Amino acid sequence: MLRALHSRLAVPVLSALLCAAASPQVDADGPAPFSSGPLPTAENNFGFPLAFDPSKMDTSVDPRQDFARYAAGKWMDVATIPGDSPYMSGIVLMGKRVERQVTALLTDAAATSSSAPKGSPLQQVGDVYAAGMDVGRLRQLGAGPLMPEWDRIARIDGPTALANELGRLELLTNQPVVLGASVALDLEDPTRYTIVVTDADLPLPAQEDYLSPELAPIRDAYLKVVADSLALAGVPADQAKTRAAKVLEMETRIARKKLTPVQKRDIHAAIQRMSYAELKAACPHMDIDALFTALGLPTTGDVLVADVGAVRERDAMIAEYPLEDTKAYLQWEALRMTNAYLSPAFVEMQADLSRALTGQVDAPKRERVVAQSISGSLGHALGRLYVERNFSAQSRADAEEVVGNVRKEFRKRLEQNTWLSASTRAYAIEKLDKMRIVVGYPETWIDTSAVDIRRDDYFGDMTRLNEFAARRAIARLGQPPAEDGFADSKHTLPTIVNAAYSSDHNNIEIPAAFLQPPFYDPKADAAVNYCTLGAVIGHEITHGFDSMGRLFDANGALRDWWSEADGKAFIARSKPLVEQANAYEVLPGVHLNGELSSGENLADIGGVMLGYEALQTRLKAHPEDNRRIDGFTPQQRCFLAWAQNWADKMHPGLLRMLAASDPHPPGVYRMVAPTRNLTGFYDAFGVRPGDRMWIAPEQRVDIW
Ligand SMILES: [Zn+2]
């Protein structure tokens with residue numbers, strides 16, 4: 001619901017970027033869960049509270065002309081972007097608070113873990129943190145721990161050895177390398193697991209980073225990172241430069257073939273079912289048998305293939321490039337994907353690239369780099385310790401009440417819906433009733449106790465954890481589906497500042513770390529909490545019923561449950577939304593992509609509407625709460641709280657990148673775009689024709 005910064009821009013760039021491409025059926029993008037810096041802090045939010053507060057407003061402005069400034073103008077006047085972040089917002093500060101909580105936890109754990117029982121969360125979390133923070137030792141080791149892998153790559157003498165090594169590297173990184181295969185719930189039949197084949201993500205976040213002539217500075221910065229990293233790993237400097245150029249050439253070919261973010265929204269184009277024999281035929285130059293065997297997968301049955309065009313291109317390139325080039329490329333891939341476990345110098349040398357990509361100035365602190373890696377690989381052990389220390393049963397109960405009321409509101413709206421056909425409407429209600437919403441943390445934690453975590457072997461610890469996760473997924477093939485909450489570090493963990501709907505499970509996860517100001521404030525009135533936390537939950541819920549959610553049924557199976565007429569009615573009703581976004585200029589000459597952002601923009605409208613309506617229902621039951629606070633009615637506070645929540649400052653480079661590649665529009669758009677489509681907003685602030693915030697009723701979006 002936020003945006004894909006945690007995987008894209010968080011540290012270290014090159015290994016974190018790898019997991020940037022979210023699977024199409026999951027809405028979960030958040031800012032860096034660990035972002036730190038000397039100032040500001042969550043407690044010193046440029047002199048303002050982190051929670052909703054009228055002091056952030058600029059009441060000299062007319063809300064009917066410029067609602068964003070009215071709601072948060074004083075904050076916008078003084079907020080600046082810290083050097084270690086590509087943007088600033090309440091969510092960034094919330095992330096900083098969580099980072100401090102996590103850093104304190106990790107530091108304390110490292111101080112006591114030596115005496116904790118082997119395999120306990122405390123021993124594992126404390127020892128791996130101590131290993132990652134042993135900077136002197138890691139610098140001394142350099143790229144040494146990776147060299148056995150490089151030697152194995154150097155010995156590759158043909159397709160079988162190549163496939164064996166791809167499998168091995170996939171296990172060590174828990175990511176596809178060139179081409180990989182893993183196990184996930186079958187999109188069309190979530191009662192079973194299936195094999196999913198996919199090519200590796202590219203390190204630069206947007207395809208245009210490879211292809212657009214204007215973005216040559218990004219490619220120059222990237223070339224330097226590749227060459228410098230290879231040189232640091234022992235490749236002679238002139239050879240490192242040649243190799244870097246070849247890496248960029250190969251990745252550019254893949255970038256040309258990969259589906260664009262808009263194309264990926266069409267799941268049927270993005271993912272295709274094939275028999276195992278068809279997969280082999282599609283990749284004639286790869287030893288698919290050897291790859292599957294290395295991964296412990298059966299060489300029969302059928303598979304799902306993501307982005308077939310890119311997969312074929314990978315295969316073609318194996319044949320076209322000399323084996324020596326492929327091996328050099330593979331050595332770079334192995335280094336890129338594990339560089340966070342090696343000498344800190346590898347991450348430090350990515351600072352210029354980060355700056356070119358996003359404007360972020362400072363290299364991330366070591367504490368953050370290590371915390372990020374631990375969160376990704378040992379997220380449940382860390383989450384257990386975090387919840388014990390930082391999350392109250394009261395917060396869980398309060399959040400569950402808001403969730404319950406927002407859900408009830410949506411059910412009421414569906415019952416009254418006039419544009420869905422009767423059978424679709426009935427099924428929508430069934431889907432809503434089946435949706436699972438989990439608050440705080442999973443019912444069952446993943447047990448990593450069998451993984452050997454040593455205080456003096458950071459590379460080994462992290463790769464063993466990756467292998468554990470990869471094999472755990474593979475072992476599910478043939479097993480009944482397991483409820484597996486908060487298990488994807490790319491989307492949700494108890495320590496991530498985000499919330500996510502996943503259509504293939506039909507569930508919503510709201511992490512413990514997310515239930516803090518400004519998204520949830522135990523001290524605030526209902527108007528504020530319903531239009532912050534409540535609106536976020538509403539946003540996530542409606543994703544189950546939009547143009548993506550229609551493709552997945554109540555059990556999470558890929559099965560379109562809309563009629564053609566429903567689809568047409570939806571497109572007609574969302575047309576103004578696309579036009580509103582297309583008309584919006586994020587930078588001079590750079591417009592939002594209405595098509596790409598329509599799902600998120602619609603979810604924002606649905607979210608604020610549901611938060612607002614659930615608040616109205618609650619006020620009917622508690623009329624004593626229907627009173628002004630700080631001079632504002634609950635209805636006004638609702639829209640003000642929503643807008644303040646999304647106020648942000650962004651570097652132009654990040655704005656450009658998000659407009660091109662991220663379905664989530666920037667905060668400055670989200671502050672006002674949904675409210676301008678809601679009648680309640682017009683009533684609350686007396687917006688009239690001729691006002692800048694006015695949209696004619698027939699041009700407003702009315703879907704939920
Ligand atoms: Zn969303």
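A disulfide here is a pair of cysteine sulfur atoms within 2.5 Å. By that cut-off, C531 and C638 are joined, with an S to S distance of 2.0 Å. Bear in mind that this is a predicted model, where local features need pLDDT of at least 70, side-chain atom pairs count only at pLDDT 80 or more, and totals for chains, interfaces and linings use all residues. Residues are numbered from 1 along each chain as its sequence is written, and side-chain values use heavy atoms, leaving out hydrogens and water.

**The disulfide and the cysteines**
- Searching the whole structure turns up one disulfide.
- The C531 and C638 link is left-handed, with -80° about the S-S bond.
- This pair ties together distant parts of the chain, 107 residues apart: C531 sits in helix α25 (residues 526–531) and C638 in helix α29 (residues 634–646).
- Both C531 and C638 are buried, meaning under 20% relative accessible area with a 1.4 Å probe, protein chains only.
- C283 is buried too, at 1% relative accessibility.

**Overall fold**
- The protein chain has 32 helices and 12 strands, taken as DSSP runs (H or I, at least four residues, for helices; E, at least two, for strands).
- Along its principal axes, the C-alpha trace spans about 75 × 55 × 50 Å.
- Of the 704 residues, 62% count as buried.
- Among contacts (heavy atoms within 4.5 Å) with a separation of 6 or more, 74% come from residues 24 or more positions apart.

**Charge**
- The chain carries 74 positive and 90 negative side chains, counting Lys and Arg as positive and Asp and Glu as negative, without His or the chain ends.

Terms used
Buried means under 20% relative accessible area, exposed over 50%, partly exposed in between (1.4 Å probe, protein chains only). The place of a charge is taken as NZ of Lys, CZ of Arg, CG of Asp or CD of Glu.
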